[in-house]
Amino acid sequence: MTSGLVFQMGGADWFKAITPTTMTKPSKTVRTRSSTVPAEEPLETGRRLGDLAYRRILEGLFDRRLPAGSFISQNELVRLLDLPIQPLRDALRVLETEGILKIHARSGIEFLKADLELARSTYQFRSIIERSAARAYAETAESTDIVILVEAHNALLARVELEGATAAVQEAMEQLEQRFHGSIIAALRNPMIETTARRLKNHVALIRLDLTFTVPRVIRTIREHLDVLDACLARDPAAAEAALGHHFQAALQRILGMV
């Protein structure tokens, strides 16, 4: 996800893309205003509540109910996000390990604020992971799968040139970003890397919150993706790696406002 695309993404759209696949939709009973989880409640219910808390915290961050860089107490989060206290604490601990927030004992929760250093570090890390993944994808991916991705990029390129930077195009571009980067990362067949890449998407979402979706930027992103895919079709791992590295470098430059 990820991505050279620079745009302002609504919290709900982006969050559908970055929510871990292990999370399940909670039942209606989970959405009560109870402040505690009954001790006799099954373990699976506790997990669902933890997943719900994780999702709601990120949703609040990405839809700006929780401003990036803000400092807020646990009790305020309970009221704002309508969450039981124990699942909230569990989710906060997970998000702290992922670098999204910092828990200050007896003080409150400080949410990460995106800055240039975070952007640089995030895209450097993504480049390290996906450059090797691009080589693997060029060597092992089915030609038909690569062609399908090429056709999808060409179709969206034609669409954005015709329709412009509409909300529908923005959503379609985000879905294509997920397919492109997800396919490349999957070529490594490494669950640990896939988990790390999923967490990095949260940082990317924060970085993009104040950036603007424009036609020139999305066109450049699509063409950079196509350069990678063309190298993969040619079964040229070195060229695929180089094209992917260029894509991330260009994406960072777009974030920094250099292009």
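Modeller: The buried residues of helix H4 are Ile85, Pro87, Leu88, Ala91, Leu92 and Leu95, where buried means under 20% relative accessible area, exposed over 50% and partly exposed in between, with a 1.4 Å probe and protein chains only. Seen down the axis of H4, these buried residues fall within an arc of 155°, so they line one face of the helix; the arc is that of the directions from the helix axis to the C-beta atoms. This is a predicted model, in which local features need pLDDT of at least 70 and side-chain atom pairs count only at pLDDT 80 or more, while totals for chains, interfaces and linings use all residues. Residues are numbered from 1 along each chain as its sequence is written, and side-chain values use heavy atoms, with hydrogens and water left out.

Helix H4 covers residues 85–97, and its 13 residues reach 19 Å from the first C-alpha to the last, close to the 18 Å expected at 1.5 Å a residue, the expected span being 1.5 Å times one less than the number of residues. Helices (H or I, at least four residues) and strands (E, at least two) are DSSP runs, numbered from the N terminus. After H4 comes Gly99, whose phi is positive, near 80°.

H4 lies across strands E2 and E3, running at about 125° to E2; axes here are lines fitted to C-alpha atoms, for helices over the stretch in contact (heavy atoms within 4.5 Å), and angles run from 0 to 180 degrees between N-to-C directions.

The strands that H4 lies across belong to an open sheet of three strands in the order E1-E3-E2, with antiparallel pairing, and two strands pair if DSSP finds at least two bridges between them. E1 and E2 stand at the edges, each with a single partner strand, so one side of each is left without a neighbour in the sheet. Strand E2 (residues 101–104) is joined to E3 by four bridges, whereas E1 (residues 71–72) pairs with E3 (residues 108–111) over two bridges.

Glu110 in E3 shows how the order of the strands works out residue by residue: Glu110 is the bridge partner of Phe71 and also the bridge partner of Lys102. Ile72, in turn, stands opposite Ile109 in E3. Finally, the hairpin of E2 and E3 has three residues between the strands, and there Arg106 takes a positive phi near 55°.
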